[in-house]
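Please open the model in your viewer and keep the selection panel at hand. The tour below goes from one selection to the next and says what is to be found at each stop.

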Amino acid sequence: MVRINGEKLDVVGKSVADYLDSAGYDRMRVAVELNGDIVPKVLYADTIFKDGDSVEVVSFVGGG
């Protein structure tokens, strides 16, 4: 299991890109932290979730 934003999800073996797409995130408007490190956007497709990973996905919201 992978903990994403505090929720345990069964996404082991999925890439960051696959998860973001399936969860409805706009990849250009989020930042992803995996086990304390920011994942560069160019690595989303190559970064695969492993059992026990801890992930935070932060969405950017415009306004003013």
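Begin by selecting Y19, Y25 and F49, which ring pairs link into a cluster; rings of Phe, Tyr and Trp (its six-membered ring) pair if their centres lie within 6.5 Å, and planes under 30 degrees apart count as stacked, over 60 as edge-to-face and the rest as tilted. This is a predicted model, in which local features need pLDDT of at least 70 and side-chain atom pairs count only at pLDDT 80 or more, whereas totals for chains, interfaces and linings use all residues. Residues are numbered from 1 along each chain as its sequence is written, and side-chain values use heavy atoms, with hydrogens and water left out.

A search of the whole structure finds two aromatic pairs. In one of them, the rings of Y19 and Y25 have centres 6.2 Å apart and planes at 45°, so this pair is tilted. Y19 is buried, with a relative accessible area of 10%, whereas Y25 is partly exposed, at 23% (buried means under 20% relative accessible area, exposed over 50%, and partly exposed in between, with a 1.4 Å probe and protein chains only).

Because Y19 lies in helix α1 and F49 in the loop between β4 (37-38) and β5, the pair ties together parts that are 30 residues apart in sequence; helices (H or I, at least four residues) and strands (E, at least two) are DSSP runs, numbered from the N terminus.

Not counting residues up to four places away in sequence, F49 touches V2, I4, V11, V12, G13, K14, S15, V16, Y19, L34 and V55, where contact means heavy atoms within 4.5 Å.

Widen the view to the largest nonpolar core, which has 16 residues, and of these I4, V32 and F49 touch the most other members. Such a core is a set of buried Ala, Val, Leu, Ile, Met, Phe, Trp, Tyr and Cys residues joined through side-chain atoms within 4.5 Å. The elements that give two or more residues to this core are β1 (2-4), α1 (16-22), β3 (30-34) and β5 (54-59), and the largest share, four residues, comes from α1.

Finish at S59, in strand β5, which is partly exposed, with a relative accessible area of 42%. Leaving aside residues up to four places away in sequence, S59 touches Y25, R29 and V30.
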